Each structure stands twice: as C-alpha cells, then as structure tokens.
Amino acid sequence: MRPRRSNRAKSYAAEEYHFGDSSAEEDASTRRHKKTEEEDANFDEVATAGPEQEDDDDDDNAAEVEGEEEDANVSESESVQVTNAPTRRRATKKAPQPAPKPVSKTTKAATGGYLEIPLAAQDGTHQPKTYIGPNDRAVRRHHLVSAWYGPDEQRMETVQHLLDRWFQWPVLPPRDSADESGLPAKGAWLEDYAGREGALAAAWRAKVEAAMGGRPPLRGLSPAEAAPYRLPTHSMPVLVGPDAAEEVTFVPGAGYALAQSGIPFDHDQGEDKEPSGWMLDTGGIVTSMDWAPRAREHTATTQLLAVALMPHADQEVHEFADEAATTEFQAHGTVQLWEVQGEEEEPLAESAKPTSLPPRLRKTLCLPHGRARRVRWNPVGGYLAVLCADGGVYVFEADAESDEEEFEKLLNPVAVLFLQDEAGIEATAMSWANMNRLVVGYSDGSVALWSIFPCHLLSRQAVHHSHVVELATGYPSMPYIVAATPLGGTMRILDLAAPSYEFTEVQAINVVTQPGLLAWSDQMLGFFSVYPSARVNNTVIGFMHHANFPLFRTTFSGDSFPSSIATGKTHPYLLIGLMDGSVWCLNPQVEHFNSRTDATYRIRLFQHEHRPHRLFARDSPAGMRGASRVVQGFEVEKNRNPKNETQPAAKKGKAVKKKKPAAAVDNDDEDEDEVLKSSDASRAAVHEPLTRVTTMEWNPNNGYGCWAAVALGSGLVRIMDLGIDNERDE
C-alpha cells in the first residue's frame, strides 16, 4: 500500500505560535490546505487509473528484479548473453472524469476546502431547539409521568392516584377530596408511614425525657425580667372587607375571628355569615413561623402556631456602628405561640372548619441569644428548633401546657447546635430530616447534618462559596435529599445519605437575598423555587423534579418580586407571596401535567397595603405604626405564561406578525431564560417595605391541611381556611 504524497512530506515538528498574530496563521493554514488538496487530487487521479495499470507496474518491477538476478548469474558463469532492452509498457486508458459542478458563492468563500455552514437565523422570528428528549419542557401528561416517575409501575400508579385526587381542582384544595384510592394524605410514597413514625417517636421521646431527668426546659419571668423582651404596644387601624370599607383597630397580642366577607365575625351583620379564619397582630416583623404537628385524636381541635419576631425598629434607619457597640444590641429574641380552635361537623371529618372564637396568645418564649430568625417544629411535634442571631440552633420542648406565666425564658434545651472553634461562622438556615436529624446551612456555604439526641455533628459538606440563604429537605419521602440556595452562585442538590456522591446544580448563576423562596413538595417529589437567574426583574416561580433538578419548569409569573412560597403538606397546592402584598394560590399539578393548549388558572386571595405613620398628618387617626388595608374578593384569572407574552420586534417596512397559538408554541425552544421573556420594567416597582408578605405556611396536620397562615410586614398574620366545600352525589 502506497501512502499519499502529501503524507510523505509531512513534518511533525512543533510549530511556533505567534500570540496576537492570527492573520499570518490563517494565511499559512490556507496555503497549507490548498497544497494538500492539490497533492490529494493527483493522488486520486493515479488511484482512478484502474487495476490494469497497477498490475503492469507490478509486472515491470518484477521483471527488473529478475533481470538483476540473471545479470548476476551471467557474470559468474559467463555462458549466457542477456539483452537489456527496455520492456514495452501497455498504454492504459484513463477513466472519464465527471463534469465539475458549478461552485456556489458559499463554497468559493470557504477556506481550506471546508463547506461553510450558515448560522441559524437570529432575527427573533424563530428560536432553534437545543434539546429533544424525554425531559423536554413540551412533554406533558402521561409522557411526563413516565419521564419523572417511571419506569416503576407502583410509583406511576401512585402519582396517577394523586392526579385523580387533585387535578380537577385548579386553584384551591377541596375540603373532601372524594378519593377512594386509600392513599394517605401524608407519606403517600411510603408504606405505613404514620404507623412506623409513631412507634419510633414514642421510643425517642422516652429516651429524651429520661435524659432530661425532669428538669424544666423553660422558667417564668417576672415583669421586670420580661421588660427587654416586650414589643411596643402601639395599636394600628386596619381597613378590611371586599371594598376595604370596615375599619378595625388591632392591638399587639390580640386578634379577631373573620367571616367570609373578610371583616370580624362579630361585626358582620349578615344572616348567613360563617367563620373563615382569623387575623391577629403580633406587634413586630414576622421572620419565620411554623405549625406544630399534633395528633388529631389527642389534641382535639386545638392548633398551635409558632411565630418568630423582631421589632420594627430593627429595620428602620439607625447608626449601626453606634448601636452595635452597646451590649444589649439585638440581644433578645422572642417567639410567640398562638392557639386557634377548629370544629368538626362529624367524627373523623376530612377537613375541620374554624370556629368563631378569637385567637389566643398562649405564651411568649424568650431567648437571650439574639433575635430569633427561624423556627421549625420537630416533625413529630413537642420540640421546637430556634435559630438565633448568635449563630446557634437551640432545640427544646415548647408544647407543654403552662398557662401560669405569660413570658418564659429558655433554661434547659435538649440540644445546642453550635460549631466549636470556628468564630464568625453562623447558622443561616435549617430544616428537619426526621425526628432526630436536623440539617443546618452556615454562612461559609457548608451544610451540616446534626443528631439531636445524642447531640453530635454527623457530617458537614462544602456546598457553596457564599452563605446559605435557604435550604429544604425531602421529608418525609426523601428526608436526606437536600436542596440549598446560596446568596450568590448556583442552586445545588445533594444526598446526605451518600455524601461521597457528586451533587447536581442548576447551570445558572443565581442571586437570592430573600429567604423563604425554596420549598419541597412531597406530592410531586420536587422543589419549588424562584427562577435561577441573576436578572434584576426576576418574578418567576418554577418547579424542579428531584431526578431532573437542573431542568426548571415555569409555574407562576407575577407582577412583583416574590417574597415567600409555601407548598401543601397534605396536598400539592402552592402559595406565592409577593412584595406588593398580594397572595396567590394555584394547583401546580394542573400547570405541569395539563396540555399546553388548555388554559390554567390562579386566584389572588387578598391584597395587603401598608402606609407608615410618616406619610400621615399629625392629626390623622393613624397611630405610631401607620395604617394597613387588606382587600379580598378577586376573581379567578388565567395563569400567565411568560413565553406567550413576548412578541418579536417588528422590522422596518414589515408588518408585525401575529402571535402564534398555544399549539404552535411546542416547536419553540424551551431552554431560553424565562425571566428574559417576561422582562417587564413595571414589575420592578418598589413598594413600601412593610407591605410585603414575609412568610407563609400550610398546616401539616391531617384534617387541617387546608388551613394556611400568611404573615405580613405590618405585623399582621392572617389564618385562612381555603378548603372548598364539595358535596358528594348521593
């Protein structure tokens, strides 16, 4: 076999590269390519001469070799004469070459003999697809069920039962789901979840109580000792009702039961009035809150809500350097425990209704470790974890009945989670993995897994480079699957049960300064979060399945910045709170599993607005805290898809193209930045800081899963029963 002529003259010496002189290199490369092409063309002409010429060449070579051997023999024997006449070679016919095709301008412009491929059009009229597969965002219905929950037949059957239970209710959960599948409201993916957890919880509580030895976790404070923990008691007028025409005065530590019209139940003069929830005044800014898990058969209808507070003065303008020099600067933390009552129409009813009794402030927990930033009840109830400003997490029993003292101070915690010999590293977020495991995020970007009893640091993983703003665990179905959002960077998910495995991240730089924008949905086995984007006007909330975490699906696009989200514990419904004080609710199952041609819906539950006292005249009835307004009675509206809102820019001299129907959207690219599509400058409007929604939580208890608590920046907390009455057909 003969090599190409171009390969015979090739040199493998390292060529000198001239930095910054790309033109000379391109010219040399072009000449080298042209020379190679000419030599290869000659090689091809010889190769196309046919097998006859190759045979003749081989015969000639063989004849020359034989002639040389015969000459050598003749010279030795000198008895034979040999004539060295040249051998006649047969003429070969060349194969006819096809006529060259006309070369286009694109081919002529190509350098090095390569065909230049034009780039895709970027005029805004067509977006090329970058991915086609089972995880494409255009995949819906049973195809999406197979991609997310398959190929296990049992898991696919479970999710189908959950879809049949909730899919026909697009905006609010039903009070009675009328489901006959037998799946529990909590732990539907686990076998006998409630029974196994109850047995383990009883044994764990017995060990903790034995170790405490009867020492009380809290002690009562005298009025003088409780003075640093008391918040200002200024009243605030609030306008409530559908038209915000009813004025009600709220006092810190008190509240009202509300009728369906949104006004206090005692003030409503309607004959068919029914209680629909409560509104209470905490007197400060609610930074975190959580419902206490309680067994329905043991606690009757009493529900307990823990609320972490900070004074409004902490967020007012002040000289931080001067204030921080004092020893008492933000050194006192408070957690309020509020109690509300519900009623049941019949034994073991699926959802209880609220009563007309007003909410009651059971007691105020006082912590001398700085402001209380986060509160989380133990999944089996009874024990409360509080993250304080000193960087530690304190776990103690807080659900004990004690009506004697109004203020109680933490004395003997069950566990104190604090990093030793690491000054400056503070806890910033936390979430329970199970009754004896707590996941904590720190200011250095690490995520740690703690054991409560006995108190030990089990593992600590370096996840982010900036402090963890929010984290969530997959409790109860996947308790050790943890998603963490940093202050700046990429959102990541990891498995603490296998910490040596590589973690997964969303390949988009994210900037998040607001906590409360990450939540786990056990019904859908995924995380809801703000869209992973560093753009300023980011108002998009979406869903990430745990097995396809980097793929983000848009769920909600608001008119203002999101401030908090909450997912149901016994149902899949999602609450979204915005900076403009509005609270929205929708069913994300309908949004993601429904056909793209069918409309999806959402509802605005109410709108809150606050005005500080500095904006009122001195003779105004508004007090030192200003005034607030809560409006309700909004209609159901279609959920907005940012992809359908943006139209391509019109070219000069051409008419604007009509908007494509929803059915044609499936062929567009789904990997584009959703925030860029919905980049409306009006959504970046700045609202009064105390107008915002600070935090929200659904009730996790069976029979009370339709109750939701929403905290507002003005200090008000509204508890709503969002269950829809649906009568079964007889």
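Leaving aside its neighbours within four places in sequence, which residues is H608 in contact with?

## H608 and its surroundings

In this predicted model, H608 is in contact with D580, G581, S628, R629, V630, L690, T691, L712 and S714, once its neighbours within four places in sequence are left aside. H608 belongs to strand β33, which covers residues 601-611, and with a relative accessible area of 0% this residue is buried.

Two of these contacts can be described further. The side chain of H608 reaches the backbone oxygen of T691 at 3.0 Å, and a polar contact of 3.2 Å joins the side chain of H608 to that of S714.

## Aromatic pairs

The count of aromatic pairs comes to 14. One of them is formed by W204 and Y383, whose ring centres are 5.5 Å apart and whose planes stand at 75 degrees, so the pair is edge-to-face. This pair links distant parts of the chain, since W204 lies in helix α7 (residues 193-212) and Y383 in strand β12 (residues 383-388), 179 residues apart. Both W204 and Y383 are buried.

Y531 and F552 also form an edge-to-face pair, with 4.7 Å from centre to centre and 75 degrees between the planes. Y531 sits in the loop between β27 and β28, whereas F552 sits in the loop between β28 and β29, 21 residues apart. Y531 is buried at a relative accessible area of 6%, and F552 counts as buried at 3%.

## A cluster, and charges over rings

W148, Y149, W189, F528, F543 and F593 form one aromatic cluster. Elsewhere, the charged end of K273 sits over the ring of F265, 4.5 Å from its centre, while R718 lies over the face of F606, at 5.2 Å from the ring centre.

Terms used
Residues are numbered from 1 along each chain as its sequence is written. This is a predicted model: local features need pLDDT of at least 70, side-chain atom pairs count only at pLDDT 80 or more; totals for chains, interfaces and linings use all residues. Side-chain values use heavy atoms; hydrogens and water are left out. Helices (H or I, at least four residues) and strands (E, at least two) are DSSP runs, numbered from the N terminus. Buried means under 20% relative accessible area, exposed over 50%, partly exposed in between (1.4 Å probe, protein chains only). A polar contact is a pair of N or O atoms within 3.5 Å; within protein, one must be able to donate a hydrogen and the other to accept it, and residues adjacent in sequence count only if both atoms are side-chain atoms. Contact means heavy atoms within 4.5 Å. Rings of Phe, Tyr and Trp (its six-membered ring) pair if their centres lie within 6.5 Å; planes under 30 degrees apart count as stacked, over 60 as edge-to-face and the rest as tilted. A charge sits over a ring if NZ of Lys or CZ of Arg is within 6 Å of the ring centre and within 35 degrees of the ring normal.
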